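Reader: Could you walk me through how the pieces of this one pack together?

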Amino acid sequence: MTVRKFRPPNRLASMIKDRGGILAKDALAAAEANVETLRESSLAALDAALEAIEARFGPGAPDRASEEFETLYTMTLKVVDVSGFAADAGVDEAAVSLCALVDACAEAQAWRWDAVDVHLSALRLLRNVGASLPAEHRRGMLDGLHKVVQR
Amino acid sequence: MPEPLNPSTRINLERATVLVLDDNGASLDILSGVVSGFGVRTLHRAESVRDAQALVKIHTFDLIISDVQMPEVDGYEFIQWLRREAPEQNRYVPVILVTGHTRISQVFKNRDAGSNFTVAKPITPKILLERIFWVAREERAFIECDTYIGPDRRFKHEGPPPGTDGRRKDDLQGEVGDAQEPNMSQEEINNLMKVAKVQI
């Protein structure tokens with residue numbers, strides 16, 4: 001097998017050092033300000049995604065056993081996408097944990113509904129009161145979710 | 001691993017042309033907001049790989065930030081297309097992948113896609129700016145072979161695994177044995193740093 005090793009020109013490398021520009025801390029502040037304008041719409045998207053998951057995969061969903069793993073995985077990724085606005089509540093970490101769970105279910109080709117239900121309950125709770133929970137309680141809940149996935 | 005970004009470092013991304021790709025509109029808005037905040041003035045958005053490919057064919061990009069999980073064609077396949085089939089001016093452009101989760105079955109696919117870095121979602125401006133900074137200071141060479149095109153996947157140069165000769169010309173040969181002498185004292189180290197007159 002022929003392997004070619006080379007250094008292509010990196011245009012970004014030269015332009016990032018151009019005169020002018022802004023300090024990294026100012027760039028971060030501007031980015032944070034831009035993102036902040038999306039808080040309301042992002043949280044609305046997050047709540048809509050959680051509701052949709054609950055409707056199709058919650059304990060009361062009649063056809064959830066016949067749903068595909070990919071469906072819940074994709075729906076949960078939509079929660080992760082916008083969960084930065086609820087990171088203080090631990091929603092981001094719980095959603096990633098649900099992705100890991102669904103991925104493990106897909107690998108095993110078997111749903112673990114008890115584990116799914118625990119995640120959905122945790123997501124609901126964290127979204128509602130996660131930010132006001134004592135940090136150690138929130139941590140304990142998230143650690144518990146990770147353990148459930150690894151079981 | 002590259003150094004963290006210093007808050008007082010000056011960066012200039014005004015002339016950079018950046019493509020952001022994400023099939024989730026809300027996520028694409030966040031990515032675009034972050035990148036615009038960094039001072040990028042020419043930002044192209046795409047909500048599908050097909051749209052991104054069309055843009056890559058007509059614009060020259062300095063950076064691409066792409067989601068991984070997308071319907072039909074995913075971010076990994078997009079990068080593989082970019083590295084092999086895109087117009088020459090975009091084939092080696094730095095790429096940062098963003099993903100909410102990496103499936104167990106796709107860990108190797110991620111490694112072999114040819115991106116410069118992968119960033120976990122939800123993205124934060126701090127991490128993304130740091131990775132852009134790292135990409136701009138990229139020191140890794142590109143590797144091109146039948147099975148891979150992209151930045152060298154080895155960050156550390158520790159030589160080939162013990163017991164093998166390595167596959168590359170610059171692989172260090174031989175194993176590193178145990179230290180033969182005790183460590184230097186602090187005083188000895190200090191003496192090495194002292195300014196001393198030398199005869200040329």
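Predicted model: local features only at pLDDT ≥ 70, side-chain atom pairs only at ≥ 80, totals over all residues.

Reader: How do α6(A) and α7(A) run, roughly parallel or roughly antiparallel to each other?

Author: Take helix α6 (residues 113-129) and helix α7 (residues 135-150), both of chain A: their axes come within 10 Å and cross at roughly 160°. Angles over 145 degrees count as roughly antiparallel. So α6(A) and α7(A) are roughly antiparallel.

Reader: And how many residues in that contact are nonpolar?

Author: The crossing itself is left-handed. On the α6(A) side, the contact is made by A:Ala115, A:Val118, A:His119 and A:Ala122, and α7(A) brings A:Met141, A:Leu145, A:Val148 and A:Val149. By class there are no charged residues and one polar, and the nonpolar ones number seven.

Reader: Over to the chains, then: which element gives the most to the side of chain B that touches chain A?

Author: The contact takes 49 residues from chain B and 49 residues from chain A. On chain B, β1 (10-11), α1 (25-37), α6 (125-136) and β7 (142-144) each supply at least two residues. With eight residues, the top contributor is α1(B).

Reader: What about the classes there, how many are charged?

Author: That side of chain B has 23 nonpolar residues and 14 polar ones. The charged ones come to 12.

Reader: Which residue is the bridge partner of A:Leu23 in β1(B)?

Author: Strand β2 (residues 22-23) of chain A is joined to β1(B) by two bridges, and the strands run antiparallel. In β1(B), A:Leu23 is partnered by B:Arg10.

Key
Residues numbered from 1 in each chain as written. Chains lettered and ligands numbered in written order. Axes fitted to C-alpha atoms, helices over the stretch in contact; angles between N-to-C directions. Helix = DSSP H or I, 4+ residues; strand = E, 2+ residues; numbered from the N terminus. Parallel < 35°, antiparallel > 145°, perpendicular 65-115°, else oblique. Left-handed = near helix turned anticlockwise from the far one by under 90°. Contact = placed C-beta atoms within 7 Å. Nonpolar A, V, L, I, M, F, W, Y, C, P; charged D, E, K, R; others polar. Pairing = 2+ DSSP bridges.
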